[in-house]
Amino acid sequence: MKPTKPGTLPRPVELTNTEVFDAWVERLDPGTHESFCSFCSENYSTIECFLYARFLGYLSSITACEEWIKEKYLKPDHRRILLDEIGYMKDDIRLLRDDIENLGVKRESGVARIAAMEKELRGTINQVEQFTANKDRKGLLMAGADRAIRELAFIFKDDPIEGPLKEAAMSVWARMQLEE
């Protein structure tokens, strides 16, 4: 509680999203804590980290999880890198066309080089589309599994099957992580 003027009620200290998620992570048992942190450091998908947290019992928003991951683990944005590369390729093709028009490059060799560059550009565009489709597909599968397991856990809460169901959920999670 923050101190206030005499005669007034103290105001509660508001925790940031990162602090809330960090407190949740710190309450995990040591083995689970290490496993979760290792998973987050090695995995590029914030959504998959969030879903893993949900499997472990995290009940709050993805925003807190995302901010915590951004603060703790630097993640490369492969899609952004590929999109930037596409922009550079387009610029290179445009410059080569300009050089051909200004007679800086022989037309025959310039046209052949443009054809090769455009083929490389189409390949990179295809790579971005595949990357996005695979990421979306896996995220949807993980979200569906998360929902199904949460519903089962709710249905069998306080039932003798609850413990084995949690173990089965962790097995499903592990298997899905191994699939590409």
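This briefing walks through one predicted protein model, from the whole chain down to single residues. Local features are reported only at pLDDT of at least 70, and side-chain atom pairs count only at pLDDT 80 or more, while totals for chains, interfaces and linings use all residues. Residues are numbered from 1 along each chain as its sequence is written, and side-chain values use heavy atoms, with hydrogens and water left out.

**The whole chain**

- The chain has 7 helices and 0 strands, so reading from the N terminus you get α-α-α-α-α-α-α, where helices (H or I, at least four residues) and strands (E, at least two) are DSSP runs, numbered from the N terminus.
- Out of 180 residues, 27% are buried; here buried means under 20% relative accessible area, exposed means over 50%, and partly exposed is in between (1.4 Å probe, protein chains only).
- Take the contacts (heavy atoms within 4.5 Å) between residues at least 6 apart in sequence: 59% of them join residues at least 24 apart.

**Helix H3, the enclosed one**

- H3 covers residues 46-55, and 8 of its 10 residues are buried, so the rest of the structure largely encloses it.
- The buried residues of H3 are Glu48, Cys49, Phe50, Leu51, Tyr52, Ala53, Arg54 and Phe55.
- Ala53, which sits in H3, is buried because its relative accessibility is 0%.
- Leaving out residues up to four places away in sequence, Ala53 touches Phe21, Trp24, Phe36 and Tyr58.
- Ala53 and Val25 are 28 residues apart along the chain, yet their C-alpha atoms are separated by 8.7 Å.
- After H3 comes Gly57, which has a positive phi, near 110°.

- In H4 (residues 62-72), Ala64, Cys65, Trp68 and Ile69 are buried.
- Looking down the axis of H4, you'd find these buried residues within an arc of 130°, so they line one face of the helix; the arc is that of the directions from the helix axis to the C-beta atoms.
- Here's the general idea: an α-helix has 3.6 residues a turn, so residues three or four places apart point the same way.
- On the face of H4 turned away from the buried side, you'll see the exposed residues Lys70 and Glu71.

**The second largest pocket**

- This pocket has a volume of about 580 Å³.
- How is a pocket found? On a 1 Å grid over the protein atoms alone, it is an open set of points where a 1.4 Å probe fits, with protein on both sides within 12 Å along at least five of seven lines, and lining residues have an atom within 4 Å of a point.
- For the volume, grid points are joined across faces, edges and corners, and the space filled by probe spheres set on the points is what counts.
- The second largest pocket is lined by 15 residues, and Arg54, Phe55, Gly57, Ala153 and Lys166 lie nearest its centre.
- H3, H6 (107-155) and H7 (162-178) each supply at least two lining residues, with the largest share, 6 residues, coming from H7.
- By class, the lining has 8 nonpolar, 1 polar and 6 charged residues; Ala, Val, Leu, Ile, Met, Phe, Trp, Tyr, Cys and Pro count as nonpolar, Asp, Glu, Lys and Arg as charged, and the others, Gly among them, as polar.

**Two loop residues with positive phi**

- Leu103 is not a glycine, but its phi is positive, about 65°.
- You can find Leu103 in the loop between H5 (78-101) and H6, where it counts as exposed because its relative accessibility is 75%.
- Asp158 is not a glycine either, and its phi is positive at about 60°.
- Asp158 lies in the loop between H6 and H7 and is exposed, with a relative accessible area of 69%.

**Two partly exposed helix residues**

- Gly163 belongs to H7 and is partly exposed at 39% relative accessibility.
- From Gly163 to Ala153 is 10 residues in sequence and 9.4 Å in space, C-alpha to C-alpha.
- Arg80 is in H5 and counts as partly exposed, at 43% relative accessibility.
- Arg80 and Val128 are 48 residues apart in sequence and 9.1 Å apart in space, C-alpha to C-alpha.
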